[in-house]
Amino acid sequence: MSRGEGLRLDVHPTHPQARQIERCAQSLAGDGLALCPTDAGYALVWGLDGTGAEERVRRLRQLDTRHPFTLCCASISDASRFARLDDRVFRLLRRLGHSPGTYLLPASGQLPNRLRQCGRGNRRDIGIRLPGHPVAQALLEACGGVLLSATLRSPDMDADEAPFLGHEADAVADLWLHGVDVMLDAGHCDPGPTSILDCTGDAPVLLRQGFTPVDLD
């Protein structure tokens, strides 16, 4: 598939067809870039080694090289490959499950240096998501349990409104299909943004309450 064709694949929102998921996974394995529904809107996704796709995301969103991306993981086990999870954080992730949250965690040595965010002191962090949308889950499993992701916010969008615009499939296709290789179109999904929880300290801190609230109690 040549870059920028923007193949739009209809996929069932709760029981995604394996052939459609595999077509998307094959594109991502070849440094492709895709649009995938999540439990907090559609997102741009690409493979961990997809440096070409990552550069396309930076151009599409006009981001500099310091902008942090989020790691989407199929399971807590997959997340533990790239982030350090102590018992407290492990229990928190088990309790919240696959929910629309982004967890800021200390990065492990397996994470490529280019993806490490600057934390306090000399520490490096990474944002982790465990998306609960069945299509996102199926794609993650087909891609080895992990993908990189970015929200749909173009440079000319208002910062406060942009995260909420990525849940209507037709609107997403109109704005973004020209810049990707594949879109897994599962119709409308729940809007974003995610909640953001800083889990790098002694206790988790809610930095942002998302469209779907997260209860830490």
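Modeller: A salt bridge is a side-chain nitrogen of Lys or Arg within 4 Å of a carboxyl oxygen of Asp or Glu. The model is predicted, so local features need pLDDT of at least 70 and side-chain atom pairs count only at pLDDT 80 or more, while totals for chains, interfaces and linings use all residues. Residues are numbered from 1 along each chain as its sequence is written, and side-chain values use heavy atoms, with hydrogens and water left out. The side chains of Asp39 and Arg129 form a salt bridge at 2.7 Å, N to O.

Biologist: Which parts of the chain does the pair of Asp39 and Arg129 tie together?

Modeller: Helices (H or I, at least four residues) and strands (E, at least two) are DSSP runs, numbered from the N terminus. Asp39 lies in the loop between strand S2 (34-38) and strand S3 (41-46), and Arg129 lies in strand S7 (residues 124-129), so the pair ties together parts that are 90 residues apart in sequence.

Biologist: Are Asp39 and Arg129 buried or exposed?

Modeller: Buried means under 20% relative accessible area, exposed means over 50%, and partly exposed lies in between (1.4 Å probe, protein chains only). Both Asp39 and Arg129 are buried. Arg56 forms another salt bridge, with Asp181, and here the closest N and O atoms are 2.8 Å apart. This pair links distant parts of the chain, 125 residues apart: Arg56 is in helix H2 (residues 51-61), and Asp181 is in the loop between helix H6 (169-176) and strand S9 (182-185). Arg56 counts as buried because its relative accessibility is 11%, and Asp181 counts as buried because its value is 0%.

Biologist: How many salt bridges does this rule count?

Modeller: The count comes to eight salt bridges. Among them is that of Arg81 with Asp78, whose closest N and O atoms are 3.3 Å apart. Arg81, at 29% relative accessibility, counts as partly exposed, whereas Asp78 is buried, with a relative accessible area of 13%. Salt bridges that share partners also join Arg8, Asp170 and Asp185 into one network.

Biologist: How are contacts between aromatic rings read, and how many aromatic pairs are found in the whole structure?

Modeller: Rings of Phe, Tyr and Trp (its six-membered ring) pair if their centres lie within 6.5 Å; planes under 30 degrees apart count as stacked, over 60 as edge-to-face and the rest as tilted. The search of the whole structure finds one aromatic pair. Trp46 and Phe69 form this edge-to-face pair, with 5.0 Å centre to centre and 90 degrees between the planes.

Biologist: What stands opposite Trp46 in S8?

Modeller: For strands, the rule is that two of them pair if DSSP finds at least two bridges between them. Leu148 in S8 stands opposite Trp46, and S3 and S8 run antiparallel, joined by three bridges. S8 also pairs with S4 in the antiparallel sense, over four bridges; there, Cys73 has Val146 as its bridge partner.

Biologist: Why is strand S8 described as largely enclosed by the rest of the structure?

Modeller: Five of the five residues of strand S8 (residues 146-150) are buried, so the strand is largely enclosed by the rest of the structure. Val146, Leu148 and Ala150 point one way from S8, and Leu147 and Ser149 point the other way.

Biologist: In which sense do strands S5 and S10 pair, parallel or antiparallel?

Modeller: Strand S5 (residues 101-106) and strand S10 (residues 195-198) pair in the parallel sense over four bridges. Tyr103 has Leu197 in S10 as its bridge partner. Leu197 has a further bridge partner in S11, Leu206. S10 and strand S11 (residues 205-208) pair in the antiparallel sense over three bridges, and a hairpin joins S10 to S11 through six residues.
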